[in-house]
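Good morning, everyone. I'll walk you through one structure today, starting with a term we need.

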Amino acid sequence: MSKDLEQIIMTAGDLPTIPVVATKVMQLMEDENSTADDLARVVASDPAVAARVLKISNSSFYGAQRQIQTLPHAIMMLGFVTLKSVVVAASVKQVYHPYGLTEKLLWEHSFGAGLAARLIAQELRQINPDEAFLGGLFHDIGKQIMNFLDKDKFQEVMQLCYNEGITFAQAEQMLFHYTHEDAGALVIKKWNFPEHLIKAVQAHHSLDLGEDADPYLSNLANVVSLSNLFCHRYGVGTLAVEEELDVAASLPATQLGLSEERTTALLERFIEAYTKDQSFFS
């Protein structure tokens with residue numbers, strides 16, 4: 001990882017920050033004495049985030065059987081751990097402003113990957129689904145950081161990909177000289193997320209975690225990587241559907257032990273859930 005990039009990310013005062021409410025919720029989650037009322041008070045302190053938390057809580061993705069109208073009700077229905085991922089999702093949307101076409105696509109791809117990662121984790125039962133959701137949500141946050149640092153250069157990267165047919169990895173190295181995986185890992189490190197989430201984001205393309213990688217981390221990185229492929233297969237947050245993409249034969253699907261039949265079923269469940277719940281995350 002580039003020391004220059006680390007210096008930029010860690011010292012820049014104008015980089016997007018995750019809203020204070022999300023930081024406070026994560027701190028409360030560490031306090032065994034915190035209550036649902038404590039959490040509700042913190043979330044309510046940011047009306048925009050509170051409104052999005054309620055909106056997301058009412059999506060079918062979280063299994064709402066009836067309308068959730070208050071924060072205490074949302075906390076009771078979702079539980080503390082799931083609430084954390086919902087608050088982060090509701091908060092991190094603000095990082096994608098000003099909200100033009102590029103930001104819209106990046107956001108749709110990010111929350112789509114979050115949905116996919118949670119579904120895959122629920123199917124496999126090897127990692128926490130809410131942590132998988134955060135991994136999917138953050139996997140491409142580095143692209144938004146690049147876009148924030150130099151919007152014109154980021155547009156050049158996009159144009160190189162679509163006009164010259166080169167990969168995003170090749171284009172970003174040509175123009176930025178670092179990767180979105182490294183930028184994303186450093187940003188969520190700055191936001192004080194756990195080390196294994198940072199490593200999963202950094203390795204979501206390479207899956208290079210070393211021979212002695214913790215099995216939980218390996219599974220998390222593979223789920224995040226696979227969630228990205230789910231989005232590419234259906235063109236979620238991208239400009240093209242990749243019908244020829246063989247997701248079932250991919251490295252993460254193979255390493256997770258998913259058969260073609262299970263992968264196909266998960267893909268179908270994902271696009272159904274994404275289509276149904278897209279408006280709740282917008």
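Predicted model: local features only at pLDDT ≥ 70, side-chain atom pairs only at ≥ 80, totals over all residues.

Buried, here, means under 20% relative accessible area. Keep that cut-off in mind.

Asp130 has a relative accessible area of 8%, so Asp130 is buried. Its partner is Arg118, and the two form a salt bridge with the closest N and O atoms 3.4 Å apart. The pair links distant parts of the chain, with Arg118 in helix α7 and Asp130 in helix α8, 12 residues apart. Arg118 counts as buried too, at 8% relative accessibility.

Stay with salt bridges. The count comes to eight. Asp140 pairs with Lys143, with 3.5 Å between the closest N and O atoms. Asp140 is buried at 3%, and Lys143 is buried at 13%. Then there is a network of salt bridges that links Glu123, Arg262 and Arg269.

Now one between helices α12 and α1. Lys189 and Glu6 meet in a salt bridge, 3.9 Å from N to O. Lys189 sits in α12 and Glu6 in α1, so this pair ties together parts that are 183 residues apart in sequence. Lys189 is partly exposed, at 41%. Glu6 is partly exposed as well, at 21%.

So how enclosed is helix α12 by the rest of the structure? Largely, because nine of its 11 residues, in the run 180-190, are buried. Among them are His180, Glu181 and Asp182. The cover over those buried residues includes α1, α8, α9, α11 and α13. Just after α12, Asn192 takes a positive phi of about 70 degrees.

Next, the core. The largest nonpolar core has 92 residues, and Phe138, Trp191 and Phe193 have the most contacts inside it. Helix α7 gives the largest share of this core, 11 residues. Look at Phe193. Beyond its neighbours within four places in sequence, its contacts include Ile18, Met26, Leu134 and Phe138.

Helix α7 also holds Glu103. Glu103 counts as buried, at 3% relative accessibility. What does its side chain meet in a polar contact? Asn147, at 2.7 Å.

Last, the rings. The structure holds 13 aromatic pairs. Ring pairs link a cluster that includes Tyr96, Trp107, Phe111 and Phe230. Two lysines also sit over rings. Lys93 lies over the face of Tyr99, 4.8 Å from the ring centre. The charged end of Lys153 is over the ring of Phe176, at 5.3 Å from its centre.

That's the tour. Thank you.

Methods:
Residues numbered from 1 in each chain as written. Heavy atoms only, no water. Buried < 20%, exposed > 50% of the residue type's maximum accessible area, 1.4 Å probe, protein only. Helix = DSSP H or I, 4+ residues; strand = E, 2+ residues; numbered from the N terminus. Contact = heavy atoms within 4.5 Å. Phe/Tyr/Trp six-rings, centres within 6.5 Å; stacked < 30°, edge-to-face > 60°. Lys NZ or Arg CZ within 6 Å of the ring centre and 35° of its normal. Core = buried A, V, L, I, M, F, W, Y, C linked by side-chain atoms within 4.5 Å. Polar contact = N/O pair within 3.5 Å; in protein donor to acceptor, adjacent residues only side chain to side chain. Salt bridge = Lys/Arg side-chain N within 4 Å of Asp/Glu carboxyl O.
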